[in-house]
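Here are a few friendly notes for when you open this one. Please have the viewer ready, and go through the points in order.

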Amino acid sequence: MRPARTIVATQLALIIGVALASGAAAQESQPKRVSTVAAPSGIHKIKHVFVIMQENRSFDSYFGTFPGADGIPKGICLHDPRNGGCRRPFADHFDSNRNYPHSEFPFKADVNGGKMNGFVAEAEKKLCKPGRPCHPRVMGYHVRTDIRNYWAYAKNFVLQDHMFESAGSWSLPAHLYEVSAWSARCSRGGGAMSCTSSNFPQERSASRPVPFAWTDLTWLLHRHHVSWSFYLDHGAVSRRNPGGVSVTWNPLPGFTDVHKDRQLGNIRPLRMFWKQAKAGRLPKVSWFSPDFRDSEHGPALVSTGQAYVTRIINAIMRSPAWRSSAIFLAWDDWGGFYDHVPPPHVDRLGYGIRVPAMVISPYAKGGFIDHQRLSYDAYLKFIEDDFMAGARLNPRTDGRRDRRPDVRESAAKLGNLAKDFNFSQTPRRRFILDPCPLSTLKPRPGPRCIDHINLHVSTWGDT
């Protein structure tokens, strides 16, 4: 016979066992809770934004004959005061084009109060010498067989036929708007409140290395912990690297806030992009700026610039980032080439003349022509909406005062790039292209479309 103490212990164990079994059964009868994180939706499916900015082409000069686009009107012929008569648009198959007048005053002359008929006269006035034949080819345009890859991107993704340069002027204001939604001139170094709107901002120089005191987008990116890089094709120009990216096309080192935030290390040579793309370590926001040879800025070759752009896009498509990417491709100003659409007025500095632009993404609508009114401000707006909950470069809210007259991203006339996407569609596959396709360009592009012509960079004038 067992002791009473043992019997009690045994009964207690049975009671505890029954209780545990009942509890387990009750838990099994309840639905299991699985910890889940909501999948991103809408614009937030885009986790990588890439802005590729090329140089000096009007929309009509590249896509004036693209089916369905707002292209070159029939019967157009611009007055030719030097040679008499008028000049009509024509297919220009030359791979190298001249650098035609394209700053604030040529802009006003070309637009001519909205008539869009001053292109020939202005080019002759600025380029022709007395007593010599002179026929500026500003009315020339390229066709599909000249620029097959650009047309292929436009056909398969989104072509924007009302993208206007943010400023009615040359490259420096355009690139300042690209990263800051403003172009200004500052009277005091480091003083944002001394800056006022200008289409003739001061260039970076040895004596004035940081002339841009107002706020650029990297200020917001840094505050919201959004990674970014500004990639320079063959690095920055210098005495040791004369073929690098021009200071005009590389504005971020000139902003005081980039220095304050210690973000200069995010301005990187393009070779870093190739490594990061392959390793799957690309930042959330990337800008690309070409060197002169790859820029398409006359007299640089069209074929070489197209090959450079295609290689970048191919690298993005081959990277893990492709399935969550948006690539925005545009040209910084019209380069003096003819365009027939009068620029809308948004404020004293803009908009400028229409330029080519595309959206390439696995979520981009296929074969879609976007007729919205756009400018480079739309790129900042998209980035702000995607990564920063709609924050804006606004002195009242961004924590850094400056005198910008308006918040360009919030302009009533500005379209919304989100309309170029279908975020419900199955992500589109990679669209890899040969960087150097067969073309009707003259002379025929060399192997791999990498040229070695003397570009006479020092004689280009305004860029």
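1. A search of the whole structure turns up 1 cavity of 30 Å³ or more. Here a cavity is a set of points, on a 1 Å grid over the protein atoms alone, where a 1.4 Å probe fits but cannot get out. The volume of the largest cavity is about 30 Å³, taken as the space filled by probe spheres set on the points, which are joined across faces, edges and corners.

2. Please bear in mind that this is a predicted model, with local features needing pLDDT of at least 70, side-chain atom pairs counted only at pLDDT 80 or more, and totals for chains, interfaces and linings using all residues. Residues are numbered from 1 along each chain as its sequence is written, and side-chain values use heavy atoms, leaving out hydrogens and water.

3. Which residues line the largest cavity? They are Asp60, Ser61, Ile72, Pro89, Val138, Met139, Gly140, Tyr141 and Tyr338, each with an atom within 4 Å of a point. Helix H2 (59-63) and strand E5 (140-141) are the elements that give two or more residues to this lining; helices (H or I, at least four residues) and strands (E, at least two) are DSSP runs numbered from the N terminus.

4. Strand E1 (residues 48-54) is mostly covered, with 7 of its 7 residues buried (under 20% relative accessible area, 1.4 Å probe, protein chains only). His48, Phe50, Ile52 and Gln54 lie on one side, and Val49, Val51 and Met53 on the other.

5. E1 pairs in the parallel sense with strand E13 (residues 325-331) over 7 bridges (pairing needs at least two DSSP bridges), and Phe50 has Ile327 as its bridge partner there. E1 also pairs in the parallel sense with strand E12 (residues 285-289), over 4 bridges; in E12, Trp287 is the bridge partner of Val51.

Methods. 1 Å grid on protein atoms, 1.4 Å probe; cavity = no way out; pocket = protein on both sides within 12 Å on 5 of 7 lines; lining within 4 Å. Buried < 20%, exposed > 50% of the residue type's maximum accessible area, 1.4 Å probe, protein only.
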